[in-house]
Amino acid sequence: MEQAPPDPERQLKPAPLEPLGGPGAVLEAAAGEETEGTREDSSGVDTMTGNDFWLKKIEISVSEAEKRTGRNAVNMQETYTAYLIETRSVEHADGQSVLTDSLWRRYSEFELLRNYLLVYYPHVVVPPLPEKRAEFVWHKLSADNMDPDFVERRRIGLENFLLRVASHPVLCRDKIFYLFLTQEGNWKETVNETGFQLKADSRLKALNATFRVKNPDKRFTELKHYSDELQSVISHLLRVRARVADRLYGVYKVHGNYGRVFSEWSAIEKEMGDGLQSAGHHMDVYASSIDDILEDEEHYADQLKEYLFYAEALRAVCRKHELMQYDLETAAQDLASKKQQCEELATGTVRTFSLKGMTTKLFGQETPEQREARIKVLEEQINEGEQQLKSKNLEGREFVKNAWADIERFKEQKNRDLKEALISYAIMQISMCKKGIQVWTNAKECFSKM
């Protein structure tokens, strides 16, 4: 993912937003500022300090899943899956490893946590959750979200999500995340008390900003296009894999017919019977091995799916930048309009048509006292607008700086993870082919002994 480098000759203007540092900046500096005592962000939600959580070494695991029945928000009976989260301190005071916390969470609670992180850390590429319902699966694998195999894969995905958040230099310090791991009762109430839902940007507002922003940052535009292409490529890759798995399943199962035919043939042969029977046995083993192979292969597909969903996390950062850019441009336009009104009142000239100007022509000029009062009000509004514009500029610069730093961190993670996943997938395919060769080698030996 190659991003255009920042232009050093571009000056900070009301539009577009310009970062303080280029995409090569690192996030550790920003994260390091939070280690000195407890930090409280603009929302009033304090985050865990380095001494309280970041430097506390713990192990996080989602150890098991359990099917349960309960009542939903409208008092209707429902069946759901709960997941057991265990946190274990690596070192205790006496040097022994002990279990510190263990609690159950529903998938919806994981969703609530991630929605909260998206609102309060808009510059972060927030790790995605595993899929709620199975997609891109081979035809023999159930797409039911209560299927044991799917639940097990989702359990692994949820554990991976928690580990991603815990290893992030900023997200790991959040108090709500810490309470998610340690506070079973009233955790939802604690999250809702932060008021994050009220701070969430509406989809309509985000769509409006996308089409109305006049000077979008080229780097974020390219990033959004990259995320769309990444999602498209991985989607196609997963579809191809599912089709290959379907055909492979058929090929392996057809080998079971070899086993049946060889067994039937061995019954009518005396000298050749043992060899045919042994060859049929090898074919039966080969045919039955495909079920385990393709189920294991789904775990590699899940690694690709994670980055399929990461594409949406990248777009979320881009949308937030567009909203900030649109607000900045709107504030700059409003300030320019007030300055023009003030100048027209001071000079007595009207440059543009306005309802106020037409009213003045129809009903007479304002008195000097009225004009002075209006000029004074406009000057106060201009001063407020200038301060607001300055604040939005600084906020935009800080957002771009932190966002690009986190995107660089994400790029390194993506390149490393996808490289490992694809290599592991290739090794698995090679191993599968070697097993097929071995089966036919064994069959050959059986035929040779007849």
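Glu 369 is exposed in this predicted model. Its relative accessibility is 59%, and the cut-off for an exposed residue is over 50%, so Glu 369 counts as exposed. Glu 369 belongs to helix H12, which spans residues 368–448. On the surface, Glu 369 gathers with Glu 372, Glu 379, Glu 380 and Glu 384. Together these residues form a patch of negative charge.

Helix H5 covers residues 175–182. An N-terminal cap is provided by Asp 174. A side-chain oxygen of Asp 174 lies 2.8 Å from the backbone nitrogen of Ile 176. Ile 176 is also one of the buried residues of H5. An α-helix has 3.6 residues a turn, so residues three or four places apart point the same way.

A loop runs between helix H5 and helix H6, the latter comprising residues 187–193. Asn 186 is located in this loop. The phi angle of Asn 186 is near 65°. This value is positive, and Asn 186 is a residue other than glycine. Asn 186 has 55% relative accessibility and therefore counts as exposed.

Arg 260 is placed in helix H9, which runs over residues 218–266. Its relative accessibility is 45%, so Arg 260 counts as partly exposed. Arg 260 and Asp 284 stand 24 residues apart along the chain. Their C-alpha atoms are separated by 8.0 Å.

Key
Residues are numbered from 1 along each chain as its sequence is written. This is a predicted model: local features need pLDDT of at least 70, side-chain atom pairs count only at pLDDT 80 or more; totals for chains, interfaces and linings use all residues. Side-chain values use heavy atoms; hydrogens and water are left out. Patches are made of residues with over 30% relative accessible area and no salt bridge: like charges are joined within 9 Å, nonpolar side chains (Val, Leu, Ile, Met, Phe, Trp, Tyr) within 5 Å. Accessible areas come from the Shrake-Rupley method with a 1.4 Å probe; for residues, only the protein chains shown count as cover. A salt bridge is a side-chain nitrogen of Lys or Arg within 4 Å of a carboxyl oxygen of Asp or Glu. Lys and Arg count as positive and Asp and Glu as negative; His and the chain ends are not counted. The place of a charge is taken as NZ of Lys, CZ of Arg, CG of Asp or CD of Glu. Helices (H or I, at least four residues) and strands (E, at least two) are DSSP runs, numbered from the N terminus. Buried means under 20% relative accessible area, exposed over 50%, partly exposed in between (1.4 Å probe, protein chains only). A polar contact is a pair of N or O atoms within 3.5 Å; within protein, one must be able to donate a hydrogen and the other to accept it, and residues adjacent in sequence count only if both atoms are side-chain atoms.
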